[in-house]
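Reader: Please take a close look at one part for me, the interface. Keep it brisk, and give the cut-off for each term.

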Amino acid sequence: MEAMTNDLSLRSLTKRFGDFVAVDDISLDVPTGSFFSILGPSGCGKTTLLRMVAGFEEPTSGTISIRGRDMANVLPNERPVNLVFQHLALFPMMTVAENIAFGLRRRGVRKDESRTRAEAMLERVGLPGYGDKRIAQLSGGQRQRVAIARCLVLEPSVLLLDEPLGALDLKLREQMKVELKKLQAKVGTTFIYITHDQSEALVMSDRVAVMNRGRFEQVGTPQELYGQPATPFVARFVGDNNAWAGTVESAADGEVVLRTDEGFVFRARGMEGCGAGSRVNLYLRPEAMRLDPKDTSNLNMFRVTLKAILFDGANSRLLTVTEQGHELLVRLPQNRTFDNLEPGREFAVGWNPSSGICFVEDGADCRGLDGEDA
Amino acid sequence: MSASGMKQSRLAFWLFLAPVLGWLLLLIVLPHLDMLYMSLRSGSFSHPGWTLTNYQAFFEEPIYWLTFARTAGYAVITTAITLVLGLPVAFYIAKVVRPGLSGALMVLLLLPFWVSELVRVYGWMILLRESGVINFFLLRLGIIDTPIEMLYNDATMIMGLVYTSMLFMVVPLVSVMESLDDSLVEAAYDLGASRLCIWRTIIIPHSKPGITSGCIVVFMLSLGNYLTPNLMGGKNSLWFTEQIYNQFIASFNWNQGSAFGFLLLALSSVIVWAGLKLTRQKLGEVAS
Amino acid sequence: MKKLLVLIALVLFASAGVAKADTLKLMTWKGYAPKVLVEKFQKETGISVEVTYSNNEEMIAKLRATRGAGFDLAQPSQDRISSVQAEYGLYQPIDYAKVDGKLFIPSMLEAVKKNTLVNGASYAVPFCWGTSGLIVNSEKAPGVDSYKALLDKKFTGRASYRLKRPTIIAMGFALGYDPFALYADTAKYQAMLDDIEKTLVAAKPVVKNYWANGDALLESMRSGEVFVAMAWDNGGWKLHGENAAIDFKAPKEGALGWIDTFAIPAKAKNVDAAYKWINFMLRPENAGYFTSEENVPTASADANPHIAEAVRANFERSFPPATIDNIKWYPPVPAELEALEGKMLDKVKAAK
């Protein structure tokens, strides 16, 4: 039955280059018709994983199966997967229609029929009548769509996308995220999308795997990754987080009391291994902190001073600093109470103990702000 | 730009161009004009005058135009073989080996050109002759009982020409292939293309300018070669250049020789032009 | 700009002057100006010799290109002088008063004078002579004594000759013509050429290659790849020294005798040096040295005592008196025949 519900299954997939383990014992099932992202910093092994699925790299061990069919010894040109390359790799010597018809022609589809199907596909991706244009005449976003159309016309079981938005400018990238998501919903093909940009992964995906050093740290929905990170790496890599280093004073029922190195005593959720006396890192989202809360019962409280306002519309944040010089990001509430803030103003900050998560210290530097640049 | 600046830059342009133009005029245009003049003069000292008989002789005497046709045909075959061998070699150098090694491979290709063509051809002769190195080993290994004469036939001559031309094919091919994005090849592979199909649809179309310039150079070099056909082709291979040499040196008929020289220039230009037309290319695109 | 031109002209004149004083520009065959003699000449006269190697055809072509300038002395074969002299005026008449007549074999000097006579003046003096005939490996090809061996199926892949006029003349004799007698009759000469062409084309499977380089031919004989070849006598004698089975053989149709000469180009700059070199080279001891070194008989009258024993032995072995009488000496060749011959040779080479 697995074959019917999962388009792609990896079992203990490993790839070594000499001593270096690029992909380390990864197992994964991607359900049919889902938008699945693999998110990780550059060098984490996500591209190698993708190239193994496409067939350009041979796994050192483990198996890849697509719709239940084992892919060992199946050449890239015979796999029911197609890859949208990072730089798109459109053929400059051909027209748009020839690019899209390329795969059909290779399958022996007659010239006029493949042309018709290419035109139909162009219409689906919103480029009707573009068939006779040269690749050089297209804008970045149009090329994007041609590259995807070129794969989709082959009706692959799985479409692989290797950071295809990376080369676009910010505005277009935001727009393409939405378009890609809509397109995937429309065609229903399983997308496997790799990226180092957590916002792309969170916005588009049904499920996301966070990858680090050749392994999956966590696989889950965007909400799960954001709200319940399973590892400190996920906590740091997905979304913005404030971090403290500290020591657990007592622990009970998944809740810990810790003393940060600056001397604050907080209650927070404790993950596995956070027993009394252990060194931990505490992660707290910027939106979990409330400024000058009226009802302070059951909240962890401390004071900060405003250093700067990072205005970004609905996503505006305040850069604050504690008495001890620890910088913290706090989300600016959207209720206009704080419209006229001046740097230097002091706040009381309160947060619910269930919003903070403690992980056993993993060696990463948690003195400052963590997040996008991790 | 001001008017005087414009004038100055134009002056500089002509100053830089002058040596080139002078060189072209002195070494290319003038000798050819002289040759054209000579080719239109009567060969006989006693009856000087203008005449077309030298050109007429080419078309009326089968031995002359047949030799030209044969020479051109073999030059085309040489070019085709050089291309077929050069493509994978160039691809290997440009795309497969790591950059350091590709430099070394280019040097290896260049190495034969550090000795003169004459020495290279004699090298081949030492290898291939009946009492030569290859026969020696074949006999020693018991593969053959009696030595084989591998020289003095058309196949050997073409091999010699291909060897001499290889570099001139591979260098332009390597430089165009280096500009080929690897992901294009992978994309074609991913979209279902076979190896052969990738060559046909991606690599060769991309390499077209290099292929054309390589082919023109190799064709012209083979057509104009003298030593290799003469020494390795042996008894059957009258090459058109040899005929020109014979007219000038053996028959003292400079007028006829000039006419042949001019015909070689004209006919080879026509062949190159036809080749460009057939593949729908322009010379300017190739050169750029 | 003018100054520069004047300067360049001065430099050119100066260098030309230097050349005139000190150098003899000699265009000759390989081996005709041995290093020892060149050094000896320079010691005696202070004139250095600048040697350019060439052959009959290229000598004519080079001098024709410059209309007789660029060299002070050339060494064409005697039969290749009168016709090109009549057409192009490449040479200047020899001043026989400046040549030491006693040094020459009288009959040879007279013959060369006669053969190079154009409009009442003669243009050359003899230097050396020799023959073309067969070089035969008697172990592999016993009993060969005719040019026809070059066409013999027995020697398929083992025969070699040049596609040059000596081969035509030899084949003419072999087929029963007297090519020299036909020189005057172009139509008959062409008929003979057609016959020879047919013969050579039919015999194409026999020939291993048409040799172009003398050293390469000798190498093929030495290695046993070629059994019978048409070539110069001295090449055969050279091989005989290494392998007694190989020797020069004057065929029964007659060896073809040639005489190489001295001729002075029309625009020679250093004519005095040219005469000095001629007289120097024909001095018995120098001529003897040359003959011993190169295996080429000299036109010098009294050189015999100075010729090495082995070289004399070669000559006596290959040329008993009757054979000498049978040598066919090349008469001067009319220019138009060479064009016919050239075309015929092209046809042979192009034929399958």
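**The interface of chain B and chain A**

Author: Between chain B and chain A the count is 1 salt bridge (a side-chain nitrogen of Lys or Arg within 4 Å of a carboxyl oxygen of Asp or Glu). Its side chains belong to A:Arg51 and B:Glu186, at 2.6 Å, N to O. This is a predicted model: local features need pLDDT of at least 70, side-chain atom pairs count only at pLDDT 80 or more, and totals for chains, interfaces and linings use all residues. Residues are numbered from 1 along each chain as its sequence is written, chains are lettered from A and ligands numbered from 1 in the order written, and side-chain values use heavy atoms, without hydrogens and water.

Now the wider interface. 17 residues of chain B contact 22 residues of chain A (heavy atoms within 4.5 Å). The two chains bury about 1,600 Å² between them (accessible area, 1.4 Å probe, lost on being put together, summed over both). Carbon and sulfur atoms carry 66% of that area. B:Tyr189, B:Asp190 and B:Leu191 supply 42% of what chain B buries against chain A, more than any other three residues.

Next, the cysteines. Over all chains the count is 0 disulfides (cysteine sulfur pairs within 2.5 Å). A:Cys151 is buried, at 1% relative accessibility (buried is under 20% relative accessible area, exposed over 50%, partly exposed in between; 1.4 Å probe, protein chains only). B:Cys197 is buried too, at 7%.
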